[in-house]
Structures are given as structure tokens and as C-alpha cells.
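Thanks, everyone. I will go through one structure and keep to the geometry; please look at the sequence and the model before I start.

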Amino acid sequence: MKIFRLAITAASLLLSLPAIGQAQTTLRIGLAEDPDILDPTMARTYVGRIVFASFCDKLFDIDEKLNIVPQLALSHETSVDGKEVTIKLRPGVKFHDGEAFNAEAAKFSLERHLTFPGSFRKPELAAVDRIDVVDPLTIKLTLKAPYSPLVAQLTDRAGMMVSPKAAKEAGDKFGLRPVCAGPYKFVERVQQDRMVFEKFADYWNKDSIHIDRIVYLPLVDATVRLANLKSGGLDLIERVLATDLKEVQTDPKLKLSTAIELGYQGVTLNVGKDKAKGPLSQSAKVRQALDLSLDRDAISQVVSNGEFKPGNQWVNPDHPYYQKAFPVPKRDIAKAKALLKEAGVTPPVSVDFMVSKGAETEAASQVIQSMAAEAGFDMKLRVTEFATSLKQAEAGEYQAYLLAWSGRIDPDGNSYIFQKTDAPQNYSAWSNKEADKALDDGRLVTDQAQRKAIYEKLSKMVLEEKPLLYIYHRRILIAHTTKLEGYKQMPDGLVRVVGLKLK
């Protein structure tokens, strides 16, 4: 009954949209959650990045092979000492309010990311000491120290450019009516209901924009998303359940696009902020025991029919920075029980296990709960709305938290903000001076072999102390109508709309 009622709600939601698209083409995209704020300086959700891809161009982007390619920038050059990065900008670009994009605007956007109160971009650009305008289409970033991931950071929200005029006028309300320089411009947002964007006539690459409008519809229930895609109420959906793959593959009106993600699904363990001071927070041996209770292959089978790739590090086992010296561990219940005994802990170990709502996360948490019970852990599931779970994680109001990260192309983007002492997304509140040094050192060198050696030391520390258990790497599963042409899936999971056509 629940799914049926949800389906009716979703169908009426779709039918209640304004009559957009009669005589126009409208791409309707079903999202797994409603994004947080649509301000690139303040945003922090994966689903928000999917929406940004349609309206907020960045200085750089990536291609299918993870090469960095130009977007609003044309090129970049780094000085011999690694402390100066000069970026040439694309000419003839306008923001959605008609204001020109130039070096002054790029400087403003980057400085806003660095200085705006509560900015989530500040740590991503922390290496930047100052930004200078060289000429109307050139900026120079002077760094405090060499910072190898910088250009990779500028392929994501830190590289998103906003209209200085609109941002100054709106202040902290900018996210309510964002003004960027992307292919589509913001029309309206109804919280938990829809986000509407229309084609921007003055887009710098307008000849590649073939669809008039995009409507994003948050539909948390994956079954409802798929039902709407099959019935023609949606044109594309993200995060198809792996258990629904056959249904998509056998439907002649649907097409599947996939890639192994850059990110991971993991269990963050509250090491430094657990007010109850439970055994997990007090002993690495207890955390190691929990890790050894898990069979990652079996979790992947249950959650994804084996489509997800088991892992134990912040990059997947096929990634060039994966540390083969530390392979995915096999389940070992006897050793897990022995570690609890060594730690002086008497089972059952009670754990407040926070999980955000969603079919995949809830299925994974139930398998983890069942496996951990065999080693002596009582994982008390607490299913929480996603945005609320982030706030509680920040406050340390949990003991274990099943949380995915969408991933970045540089390994620094999957590690630094989660592992560095006092970093903004170090929800574990883990602190290790040697790990901090390794994280900093990894930013100073560009040579891959040298960086990999640094990250090997870091991996050893993280995998011994286990502030976070890395479980698997999802296969990005996007389904769309065969009427949609030109869609390619990138490993970052974003839905890029440039070049798409609707028949």
C-alpha cells in the first residue's frame, strides 16, 4: 500500500507541474533526494552536484578517462616551484543576469568560496594565499605551498563561478535564486517537490543545448522513480537499484548507463565525540573487530546482486592510488571475538547505528547489523532523514553512521576532509598527528609514485585505527528513455546535460 500511495503522489506531482513543454522539450529527471542549498559555496550533497551540472559551469571539468578538460577556463599553467597557478579564461561568457564573466568575476567567486561565513569550499581552497587579476581574462593564484590537487578541486563546486552582482545583492539568500554561467538558468524551486531550469539563450556553448527545460523531481522511493520512468512520467532517473537492473535491461523503451564510482560507501565511527564513550570510540581493537565481522562480498551480493565492488580504502581497487599492500580483508568472526576479549569488552557491544533513509542504505545496514551480531555487536539501527543525519553527525550524536561519499578525481578529495584533525567532514573526530602530516605531504608533490608512497603510510594508519570502515564502491546506475540521445555516464556520477537531445 505504501508504494502504491507514493506512486499516486508522485504521479499527481508530475501531472501538477505547470504546462511546461507543450511546444517545448522538457527533460524530467528523478532524483533520489531533495538537494540542500543551491549555492556552490555552501552546498555539500551529491544530489546537489547533479543539479549544479545543469546551471553552474566550473573553471574545469573531467572527461570519461578522468582527464581534466577546460570549461570556463581555457588553460592553466603551474610555476616551477608549484606556488603559482595561472588560469586563462574563456572569452565571451555571460552570467544568467547578463553580467560578463571575466577575471574580476572569477576572482570574486574564488574569494567568496574562501571567505563566506560557513563556506564548505574554504578547506578545498585553503592552499590559496591570494588571487590576482593579471588581465581581463587571466587570473593568478598564489599558493601558501605547492598543492597538487588544486586544479582537480576546480572541476567541482570550488570551481563554480557565480555572478558577483547577484551574489552581493542576495548575500546568504543566494541559494534561493542562484545566478551562474551554465547552460540552463534557474526558474523556480519548490522544496521537496521540484526544481525548474530553462535554456540560457546567451550560453557560451549554446549550439550544444538542444532541450528547452529541465525539471528535477526528488522521489526518494527508487521503485516510484522507476515506475515513473517506465510510464513516461520521467525521462531519466539516477541511482537505479541494482535489484531493478533486469527490469530496466528488458524494457525496450529504456537504456542503462553505468560506471564504477569515484567514491565509496562506508561506516563512519565516532571516535572523538561520543558522549557515551562507548567501546567503539575507546578502542581501535573494537573497531577492528567490527570490521572483521563484515563479509564485503556478501554485502555487495545482497545490496546490489554483486554489481558493487567490495573495497577497504577510500579509492576503489582499480584506482591507480589503491594500496595493494592492504587488500580487502576476509571475514573472520573468531578473530573479531578475540579482539573484543583483548580490548576487555564483554559482548553484546551496543552501538547507535545511524542510517539515512533509502532502499540501498537500509538494506546494507540490515546486512551489517546481522553480520556484526555474530561477532558480539548489537547494532541498533536508527533510520534518519538524510539532511538531519548530517547535522547529527556534525554534532557527534551517533556511534556508527552509514555514509556514502560521491568521490573526487584526486585521492586527496576522498581523504583529507574526512581524516584531517578538525576538518569539516571529519565526523569521526579522529585525530592523528602522523596522519595529518601524511595528508599535508600528499598535497605537496605531483609525482604519482611519490604521492602513492605517502598515501601508503596514511593507509596503514587509517586501516589500523579505523575511524571509518570502507565497505564497497557503487556502480553508478542511471536509466533513461531511449528518446534521450547523447547521454554518457562519467565516473563522478553527475548528469551532464550539454549535447543531449530528446526525440
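I begin with K277, which is found in the loop between β13 and α8 (279-282). Helices and strands here are DSSP runs, numbered from the N terminus: helices are H or I with at least four residues, strands are E with at least two. K277 is exposed, with a relative accessible area of 57%. On the terms: buried means under 20% relative accessible area, exposed over 50%, and partly exposed in between, with a 1.4 Å probe and protein chains only. Between the C-alpha atoms of K277 and L294, 17 residues apart along the chain, the separation is 23 Å.

Some housekeeping. This is a predicted model, in which local features need pLDDT of at least 70 and side-chain atom pairs count only at pLDDT 80 or more, while totals for chains, interfaces and linings use all residues. Residues are numbered from 1 along each chain as its sequence is written, and side-chain values use heavy atoms, with hydrogens and water left out.

Now A53, which lies in helix α2. A53 and P183 are 130 residues apart along the chain, and their C-alpha atoms are separated by 8.9 Å. Setting aside neighbours within four places in sequence, A53 is in contact (heavy atoms within 4.5 Å) with V495 and V497.

Next, the aromatic rings. A pair of aromatic rings is described by the distance of the centres and the angle of the planes. The rule takes rings of Phe, Tyr and Trp (its six-membered ring) and pairs them if their centres lie within 6.5 Å; planes under 30 degrees apart count as stacked, over 60 as edge-to-face, and the rest as tilted. By this rule there are 13 aromatic pairs. One of them is F55 with F197, stacked, at 4.9 Å centre to centre and 25 degrees between the planes. F55 lies in helix α2 (residues 46-55) and F197 in strand β9 (residues 194-199), so this pair ties together parts that are 142 residues apart in sequence. F55 counts as buried, at 0% relative accessibility. F197 also counts as buried, at 0%.

For Y264 and Y470, the ring centres are 4.8 Å apart and the planes are at 85 degrees, so the pair is edge-to-face. Y264 belongs to strand β13 (residues 264-269) and Y470 to strand β18 (residues 468-473), so parts 206 residues apart in sequence are tied together. Both Y264 and Y470 are buried.

Which residues do ring pairs link into a cluster? They are F52, F55, F186, F197 and Y216.

Two arginines also sit over rings. The criterion is NZ of Lys or CZ of Arg within 6 Å of the ring centre and within 35 degrees of the ring normal. R90 lies over the face of W204, 3.9 Å from the ring centre. R112 lies over the face of F174, at 5.0 Å from the ring centre.

On to cysteines. With a disulfide taken as a pair of cysteine sulfur atoms within 2.5 Å, the count is one. The disulfide joins C56 to C180, with S to S at 2.1 Å. The angle about the S-S bond is -60 degrees, and the link of C56 and C180 is left-handed. This pair links distant parts of the chain, 124 residues apart: C56 is in the loop between α2 and β2 (60-62), and C180 is in the loop between α5 (164-170) and β8 (184-190). Both C56 and C180 are buried.

Helix α10 (residues 296-304) and helix α12 (residues 359-375) pack at an angle of about 145 degrees, with their axes 9 Å apart. Axes are lines fitted to C-alpha atoms, for helices over the stretch in contact, and angles run from 0 to 180 degrees between N-to-C directions. The contact involves A298, I299, V302 and V303 of α10, and E360, A363, A364, V367, I368 and M371 of α12.

Last, the backbone. Most residues other than glycine have a negative phi, and most peptide bonds are trans. P347 and P348 are joined by a cis peptide bond, with omega about 0 degrees. P348 lies in the loop between α11 (333-342) and β15 (349-356).

L66, not a glycine, has a positive phi, near 70 degrees. L66 sits in the loop between β2 and β3 (68-70) and is partly exposed, with a relative accessible area of 27%. R239 is not a glycine either, and its phi is positive, about 50 degrees. R239 is in the loop between β11 (236-237) and α7 (245-249), and is partly exposed at 22%.
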